[in-house]
Amino acid sequence: MGTLHTVNKSPFQNQTLLSCLAHAKDGDAILMIEDGVYGATTGTVVSDALASKSTDVTLYVLGADLAARGIDAGRMAEGVTSVDYEGFVELAVTHDRVQNWL
Amino acid sequence: MSETVKKFLYVNRKAPYGTIYAQEALEVVLIGAAFDQDVSLAFLDDGVFQLTKGQDTKEIGLKNFSATYRALGDYEVTKLYVEKESLEERGLTLDDLQNIEYEDEDDDYAEKPSIRLVTRAEMAEVMADQDVVLSF
């Protein structure tokens with residue numbers, strides 16, 4: 001079922017998250033990992049872009065990378081689900097393909 | 001080869017000389033071409049800069065690999081999807097890109113363009129139609 005997209009760069013450094021959002025199809029999942037997790041926080045310049053897509057795609061963030069960066073649940077954008085490494089694997093195997101946005 | 005043919009897409013989103021990604025992608029495409037798979041390349045975001053005409057790397061001490069794109073047809077890599085919006089955002093048109101052609105063996109070896117200009121929405125379709133997506 002659809003594509004699992006991973007984004008591992010901060011949206012404040014480059015346009016990768018925005019490009020991913022622009023190419024993801026309805027029903028796809030986007031998982032933010034590594035510095036990509038900064039994209040999952042509230043009140044940022046990419047919040048609107050993320051929110052406008054959140055009904056069509058499922059948004060995930062890797063909890064370990066959030067914790068490492070001291071981002072607590074209260075700062076996470078609405079509609080973003082935190083997953084652990086097992087959840088990451090589960091997402092990878094339940095989608096037709098994985099596309100990494102480098 | 002009797003194994004199932006899979007659809008492979010190589011996604012290029014970076015400019016050619018600032019990082020090694022573009023050159024590495026080409027290397028992998030050429031290696032992959034030996035495995036008789038259904039190969040396509042996507043050029044979007046800064047990746048469209050890889051295909052521009054007139055690249056001259058003499059003074060930066062790096063190999064100019066831009067001519068290699070014109071050789072891809074000889075390896076039966078004949079589908080180069082280029083995103084229209086990415087060109088426009090960068091002030092480019094198709095005329096700024098190299099002329100890349102392949103000989104169609106099913107059509108008396110007629111020379112045909114390898115570059116396929118697609119919209120962002122069409123690029124999303126191309127991506128969703130693959131078995132394997134490799135990003136560079």
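# A guided tour of chains A and B

Begin in chain A by selecting helix α1, residues 16-23, and within that helix pick out L21(A). The model on display is a predicted one. Is L21(A) buried or exposed? L21(A) counts as buried, because 24 C-beta neighbours lie inside 10 Å, and the cut-off for a buried residue is 20 or more. Leaving aside residues up to four places away in sequence, L21(A) touches A49(A), L50(A) and K53(A).

Next, display the strands of chain A. They include an open sheet of five strands in the order β4-β3-β2-β1-β5, with parallel pairing. At the edges stand β4 and β5 (97-101) of chain A; each has a single partner strand, so one side of each is left without a neighbour in the sheet. From one strand to the next, the twist averages 25 degrees. Strands of a sheet pair through backbone hydrogen bonds, either parallel or antiparallel.

Return for a moment to helix α1(A), where the tour began. α1(A) lies across β1 (3-7), β2 and β5 of chain A, and it runs at about 165 degrees to β1(A).

Now select strand β3 of chain A, residues 58-62. How many of the five residues of β3(A) are buried? Four of them are, and the strand is therefore described as mostly covered. Look at the two neighbours of β3(A) in turn. On one hand, β2 (residues 29-32) of chain A and β3(A) pair in the parallel sense over four bridges; A29(A) has T58(A) in β3(A) as its bridge partner. From β2(A) the chain crosses to β3(A) through helix α2 (residues 47-53) of chain A, and this β-α-β crossover is right-handed. On the other hand, four bridges join β3(A) to strand β4 (residues 80-83) of chain A, and these two strands also run parallel. Select Y60(A) to find its bridge partner in β4(A), T81(A). Here too there is a right-handed β-α-β unit, made by β3(A), helix α3 (residues 63-68) of chain A and β4(A).

**The sheet of chain B**

Move to chain B and display its strands. An open sheet of five strands is found here with the order β6-β3-β2-β1-β7 and parallel pairing. Which strands of this sheet are the edge strands? They are β6 (115-118) and β7 of chain B, each of which pairs on one side only. The twist averages 25 degrees from one strand to the next.

Select β1 (residues 7-12) and β2 (residues 38-43) of chain B, two parallel strands joined by six bridges. Within this pair, Y10(B) stands opposite L41(B) in β2(B).

**A loop with positive phi values**

Proceed to the loop between β4 (101-104) and β5 (110-113) of chain B, and select D108(B). Phi of D108(B) is near 55 degrees, which is a positive value in a residue other than glycine. Most residues other than glycine have a negative phi, and most peptide bonds are trans. D108(B) is exposed, because 7 other C-beta atoms lie within 10 Å. Y109(B) is also placed in the loop between β4 and β5 of chain B. For Y109(B), phi is likewise positive and near 55 degrees, in a residue other than glycine. Y109(B) is exposed, with 10 other C-beta atoms within 10 Å.

**Where the chains meet**

Finally, show both chains together. Twelve residues of chain B are in contact with eleven residues of chain A. On the side of chain B that touches chain A, the elements that give two or more residues are α4 (120-128) and β7 (132-135) of chain B. Which element gives the most to this side? It is α4(B), with five residues. The residues of this side of chain B divide into seven nonpolar, two polar and three charged.

End the tour on α4(B) and select its buried residues, M123(B), V126(B) and M127(B). Why do they lie on the same side of α4(B)? They cover an arc of only 100 degrees around the axis, and this puts them on the same side of the helix. An α-helix has 3.6 residues a turn, so residues three or four places apart point the same way.

Definitions and conventions. Residues numbered from 1 in each chain as written. Chains lettered and ligands numbered in written order. Predicted model: local features only at pLDDT ≥ 70, side-chain atom pairs only at ≥ 80, totals over all residues. Contact = placed C-beta atoms within 7 Å. Nonpolar A, V, L, I, M, F, W, Y, C, P; charged D, E, K, R; others polar. Buried ≥ 20, exposed ≤ 12 C-beta atoms within 10 Å, placed from the backbone. Arc of directions from axis to C-beta. Pairing = 2+ DSSP bridges. Axes fitted to C-alpha atoms, helices over the stretch in contact; angles between N-to-C directions. Right-handed = clockwise from strand over helix to strand, strands pointing away.
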